[in-house]
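Subject: Structure for your review

Hello,

Here is the structure I said I would pass on. My notes on it follow below.

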Amino acid sequence: MKPLESGSGPKPTESTEASESSERSNFIRDIIIADIQAGKHGGRVQTRFPPEPNGYLHIGHAKAICLDFGLAAEFGGKCNLRFDDTNPSKEETEYVEAIMEDVRWLGFEWDGLFYASDYFGQLYEWAVQLIRADKAYVCDLSADEIRQYRGTLTEPGRESPYRYRSIEENLDLFERMKKGEFPDGSRTLRAKIDMSSPNLNLRDPVMYRILHMHHHRTGDAWCIYPMYDYAHGQSDSLERVTHSICTLEFDNNRPLYDWFIEQLCIFPSRQYEFDRLSITYTLLSKRKLLRLVQEGHVTGWDDPRMPTLSGMRRRGYTPEAIRNFCANIGVSRTNGITQLSHLEYFLREDLNRSAARVMGVLRPLRVVIDNYPDDLVEEMEAINNPEDESAGTRRVPFSKVLYIEREDFREDPPKQFFRLAPGREVRLRYGYLITCRSVVKDKDGNIVELHCTYDPATRGGNTPDGRKVKSTIHWVSAAHAVDAEVRLYDNLFTREDPDEVEEGQDFTANLNPNSLEALTRCKVEPGLRDAVAGARYQFERMGYFCVDADSSPGRPVFNRTIGLRDTWAKIEQRGKK
RNA sequence: UGGGGAGUCGCCAAGUGGUAAGGCAGCGGCCUUUGGAGCCGCCAUCCGUAGGUUCGAAUCCUACCUCCCCAGCCA
């Protein structure tokens, strides 16, 4: 919101809401506002986005990023990027780099860049401190035994037989754990809390496990690694994070988060949980996305069908569209599923105002204009973006032989089909009005060519006599057309909930076998010959397309980002029912 | 089942005792050299259910129902 001007300038008359921020609020934002007003932390706001580098970021993370960075920015605070790298068995540098690229692409820049592994030393010292305070102990139970001792949802757990070791013995054992004297899984360091707590997280949770494993940053310096619960809150605290925002499933962990902070008497970061994003026909689980990649169901993390930020980027999504979507869906504590159409609305909205219009024919049908001079080529003026006058105009060549979209012609047009048909006149966008005179078929009865006549008085598509045509279709001059490949995408899954499967199956059973259709004989206007990878266009009447990096000189490859809203398809569909 | 969280239009979501915002989707219409975009209108007598308190409740109380999370040496 613009700050109101001070001084004696003209005041807005009806500004009841103008003085308050009209930014859409949510409960976390309200908490921050209240904290600032109460003077908590001197009004300072510090957040953090803490991804584990074990996979690529997806649209669900985008929601968290928009919250973490957005809130900090709105209230003059800071937001750190912190890699939660406490488990070397799953984490890789490749992911670290991809995550940084994606955060920046989304439009955010972090203040501090940290790694939980930066704090391994401090965390170790604090563990020793907790042992000395008789709040932690080394446990020799195996993973299996720990599970048995933990009890169940309804029965309390039992105390470990190692729970009352002397502080000296614990100190000695823990140090030897660190030195690597014990094999993986042989011992753990546990917090001494309450084995009968109804909150399972408080039943003497494991703080450290032994893992003789190479870490992407600390190398072989450590063979004991802290658990999430023992590392996260303290990392927040070390960074003096005021509002630690995470998803709902960590609600149960909050008492433990607070417990460590209280026992250690360190900066009191507070955790707030919001609902994770779910979208129909989409999987948002790094574990499952990793499977799609590893099992080859997609070409990689950046496959345009993936809900990853890198996949969406390659597909042609804009950061603005994703940010607008995140701002619009809101933040609450309700477990809901957002419809894909909601996301697509914001995609189209942004692309509509930013994408340059061009003409491209996906499934070409040859059209010969019989009364058009054989060798004439006219340069027709076309508007680049009707939503943005500054985008200007361009010239598109027109000649006797053209390609039009196959679906724009029907030999036997159904009701409400306004496009080309025998004897019917339509407008060629920015071209001429043409009338279909005859249809040429091959021996199998397939339509191979149309013969039309044009009205020379309608150059540019104008009708000096004021007559109306029901339809305007797009075209490309055959002699000037550039061959292109166009990849059409559909939902990766056929069910709204990809996890809804028959007994014994998993989400791969719901994979859509037709999620990708590659068209290789497409014809696009000449200006697209050397389109640069990443550029986004609207192929008029067809949809939004993004140039893929697979393009080669003179032969562009386009990804269909999303189709235009198709009223005719809806009408036709309705007629079939 | 013990604990925690949540239930407001098909979906998302405001509202926190004074008589149901908004967005998406959908449906009409206008406009249109993209059946795109844009514009206009319609779309919850009702807030999981049942009681109760109150002049008055989605908002307070009681009971019940449904869904989600927790029994990793994952995060």
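I begin with Leu402, which is buried, with a relative accessible area of 0%. Please keep in mind that this is a predicted model. Leu402 is part of strand S15, residues 401-405. Leaving aside residues up to four places away in sequence, Leu402 touches Leu365, Arg366, Val367, Ile369, Leu428, Trp475, Val476, Ser477 and Ala478.

Is Arg187 buried or exposed? Its relative accessibility is 16%, and the cut-off for buried is under 20%, so Arg187 counts as buried. Its contacts, again without residues up to four places away in sequence, are Val138, Cys139, Asp140, Arg165, Leu173, Met177, Phe182 and Ile210. From Arg187 to Val206 the C-alpha separation is 9.9 Å, and the two are 19 residues apart along the chain.

Next, the helix packing. Two packed helices are described by the angle between their axes and the distance between the axes.

Helix H4 (residues 120-132) and helix H6 (residues 167-179) have axes that come within 9 Å and cross at roughly 160 degrees. Angles over 145 degrees count as roughly antiparallel, so H4 is roughly antiparallel to H6. The crossing of H4 past H6 is right-handed. On the H4 side the contact is made by Tyr124, Ala127, Val128, Ile131 and Arg132, and on the H6 side by Ile167, Asn170, Leu171, Phe174, Glu175 and Lys178. Sorted by class, these residues are 7 nonpolar, 1 polar and 3 charged.

Ser166 lies in the loop between helix H5 (143-150) and H6. With 34% relative accessibility, Ser166 counts as partly exposed. Ser166 and Arg132 are 34 residues apart in sequence, and their C-alpha atoms are 9.6 Å apart in space. Arg132 is also one of the H4 residues in the contact with H6.

H4 packs against H8 too, at an angle of about 75 degrees and with the axes 10 Å apart. H4 and H8 are therefore roughly perpendicular to each other. Trp126, Gln129 and Leu130 of H4 meet Phe260, Gln263 and Leu264 of H8. This contact has 4 nonpolar and 2 polar residues, and no charged residues.

H11 passes H12 in a right-handed crossing. From H11 the contact takes in Glu320, Ala321, Asn324, Phe325, Asn328 and Ile329, and from H12 His342, Leu343, Phe346, Leu347, Glu349, Asp350 and Arg353. The count by class is 6 nonpolar, 3 polar and 4 charged.

Which residues of helix H1 (residues 27-37) are buried? They are Ile28, Arg29, Ile32 and Asp35. Seen down the axis of H1, these buried residues fall within an arc of 120 degrees, so they line one face of the helix. They pack against helix H2 (59-74), strand S8 (243-247) and strand S9 (270-274).

Last, the backbone. Most residues other than glycine have a negative phi. Asp134 has a positive phi, near 60 degrees, and is not a glycine. Asp134 is in the loop between H4 and strand S4 (136-139). With a relative accessible area of 35%, Asp134 is partly exposed. Cys265, likewise not a glycine, has a positive phi of about 55 degrees. Cys265 is placed in the loop between helix H8 (254-264) and S9. At a relative accessible area of 69%, Cys265 is exposed.

Regards

Methods: Residues numbered from 1 in each chain as written. Chains lettered and ligands numbered in written order. Predicted model: local features only at pLDDT ≥ 70, side-chain atom pairs only at ≥ 80, totals over all residues. Heavy atoms only, no water. Axes fitted to C-alpha atoms, helices over the stretch in contact; angles between N-to-C directions. Helix = DSSP H or I, 4+ residues; strand = E, 2+ residues; numbered from the N terminus. Parallel < 35°, antiparallel > 145°, perpendicular 65-115°, else oblique. Left-handed = near helix turned anticlockwise from the far one by under 90°. Contact = heavy atoms within 4.5 Å. Nonpolar A, V, L, I, M, F, W, Y, C, P; charged D, E, K, R; others polar. Buried < 20%, exposed > 50% of the residue type's maximum accessible area, 1.4 Å probe, protein only. Arc of directions from axis to C-beta.
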